[in-house]
Amino acid sequence: MKLIVMGGNGFIGSEICRQAIARGLRVVSISRRGAPKRREPWMDDVLWFKADIFDTHAWKGVLEKGDQVVHTVGILLEKRKKKLTYDRMNAESVIVVAYTTAEAGISVFAMISAANSPPFIKGYIHAKRKAEEYLKNQPFRSVIFRPGFVYGPGRRGTAFIAALTRFGLHIPVAGKMVETYAPVHVSHLADAVLEALEKPEIEGILDINTIRRTAQTVSGREVHT
Ligand SMILES: NC(=O)c1ccc[n+]([C@@H]2O[C@H](COP(=O)([O-])OP(=O)(O)OC[C@H]3O[C@@H](n4cnc5c(N)ncnc54)[C@H](OP(=O)(O)O)[C@@H]3O)[C@@H](O)[C@H]2O)c1
């Protein structure tokens, strides 16, 4: 049994891979470019498989019965000329992976969804909800993470945006508006993902507060925004 991270070289995916290796798991990342550009010792223990997520014939050979799958592929902004639409990248990419991995007999599928769209962009969240809907009634256990804004050292400038959002949360009225963007540190999100994969009783949608509480059970300390 191993962990397959779709998009394991990305911001969230690479933190999940890093922590999974620290937990002693066998980890395979699947993405177009393979290993991240930066080099860190734990990366030597990951199998960085290069493939396009939609080219299922290229990667389905790595799957084994009982594997765990985490889907972290997605886009924040569409590039329609390059056919990178919300529907394709945030919905179809999940459906294609769920279909292919179900056939291989995986045990659990985790998807990084979102609590809300970036302001004024509704297509993003519609596609996420479409993918979530598909994950219902599958032969595997599915766990859907709906974080707000994810920050951490792997993405420059995000700590500053997280600080601004945190400040906004305490302002009456405005606080309600930014509630669904409440920041979560990428390491806490990864903690919650890996914990959920291991706990068969965790299933369905995990909102921002549940993500925080689940991460807390790992660190043993209170996890704030
Ligand atoms: N960051 C946030 O604040 C946030 C908040 C809420 C939800 N989310 C969701 O979390 C997920 C991950 O976000 P992120 O910020 O970590 O994204 P990211 O850093 O852009 O990572 C995306 C990953 O997807 C891979 N990828 C893209 N197109 C692919 C394709 N056609 N085939 C295979 N792999 C492909 C990329 O690797 P290659 O380029 O090597 O293919 C990369 O590993 C997304 O679904 C996003 O919507 C993010």
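## Close-up views of a predicted model

View 1. Leucine 164 counts as exposed because its relative accessibility is 51%, and the cut-off for exposed is over 50%. The model shown here and in the other views is predicted. Leucine 164 sits in helix H5, which spans residues 158–169. Together, Phe160, Ile161 and Leu164 make a nonpolar surface patch of about 320 Å².

View 2. Strand E1 covers residues 3–6. Both of its faces are covered. Leu3 and Val5 lie on one side, Ile4 and Met6 on the other, and all are buried. E1 and E2 (residues 27–31) run parallel and are joined by four bridges. In this pairing, methionine 6 stands opposite isoleucine 30 of E2. E1 and E4 also run parallel, again with four bridges. Here valine 5 faces valine 70 of E4.

View 3. Gln68 and Val70 point one way from E4. Val69 and His71 point the other way. All of these residues are buried. Four bridges join E4 to the parallel strand E5, residues 108–112. Histidine 71 stands opposite methionine 111 in E5.

**View 4. Valine 28 in strand E2.** Valine 28 is part of strand E2. With a relative accessibility of 5%, valine 28 counts as buried. Apart from neighbours within four places in sequence, valine 28 contacts Lys2, Leu3, Ile4, Val5, Leu47 and Phe49. Cysteine 17 is 11 residues from valine 28 in sequence, and their C-alpha atoms are 8.3 Å apart.

View 5. Threonine 85 is in the loop between strand E4 (68–71) and helix H3 (86–103). Its side chain reaches the backbone nitrogen of arginine 88 at 3.1 Å. Leaving aside neighbours within four places in sequence, threonine 85 contacts Ile75, Glu78, Arg80 and Asn90.

View 6. Asparagine 116 is in the loop between E5 and helix H4 (122–135). Its relative accessibility is 24%, so asparagine 116 counts as partly exposed. The side chains of asparagine 116 and threonine 180 make a polar contact at 2.8 Å. Not counting residues up to four places away, asparagine 116 touches Lys122, Tyr124, Ile125, Thr180 and Tyr181. Histidine 224 is 108 residues away in sequence and 19 Å away in space, C-alpha to C-alpha.

**View 7. Salt bridge between glutamate 64 and lysine 2.** The side chains of glutamate 64 and lysine 2 meet in a salt bridge at 2.9 Å, N to O. This pair links distant parts of the chain, 62 residues apart. Glutamate 64 is in the loop between helix H2 (56–59) and E4, and lysine 2 is in the segment before E1. Glutamate 64 is partly exposed at 36% relative accessibility, whereas lysine 2 is buried at 5%.

**View 8. Salt bridge between aspartate 87 and lysine 130.** These two side chains meet at 3.0 Å, N to O. Aspartate 87 is partly exposed at 31% relative accessibility. Lysine 130 is also partly exposed, at 41%.

**View 9. Salt bridge between arginine 146 and glutamate 132.** The closest N and O atoms of arginine 146 and glutamate 132 are 2.6 Å apart. Arginine 146 lies in the loop between strands E6 (141–145) and E7 (150–151), and glutamate 132 in helix H4, so the pair ties together parts 14 residues apart in sequence. Arginine 146 is partly exposed at 21% relative accessible area. Glutamate 132 is buried at 5%.

Notes:
Residues numbered from 1 in each chain as written. Predicted model: local features only at pLDDT ≥ 70, side-chain atom pairs only at ≥ 80, totals over all residues. Heavy atoms only, no water. Patch = residues over 30% accessible without salt bridge, like charges linked within 9 Å, V, L, I, M, F, W, Y side chains within 5 Å. Areas by Shrake-Rupley, 256 points an atom, 1.4 Å probe, with all protein chains shown as cover. Salt bridge = Lys/Arg side-chain N within 4 Å of Asp/Glu carboxyl O. Helix = DSSP H or I, 4+ residues; strand = E, 2+ residues; numbered from the N terminus. Buried < 20%, exposed > 50% of the residue type's maximum accessible area, 1.4 Å probe, protein only. Polar contact = N/O pair within 3.5 Å; in protein donor to acceptor, adjacent residues only side chain to side chain. Contact = heavy atoms within 4.5 Å. Pairing = 2+ DSSP bridges.
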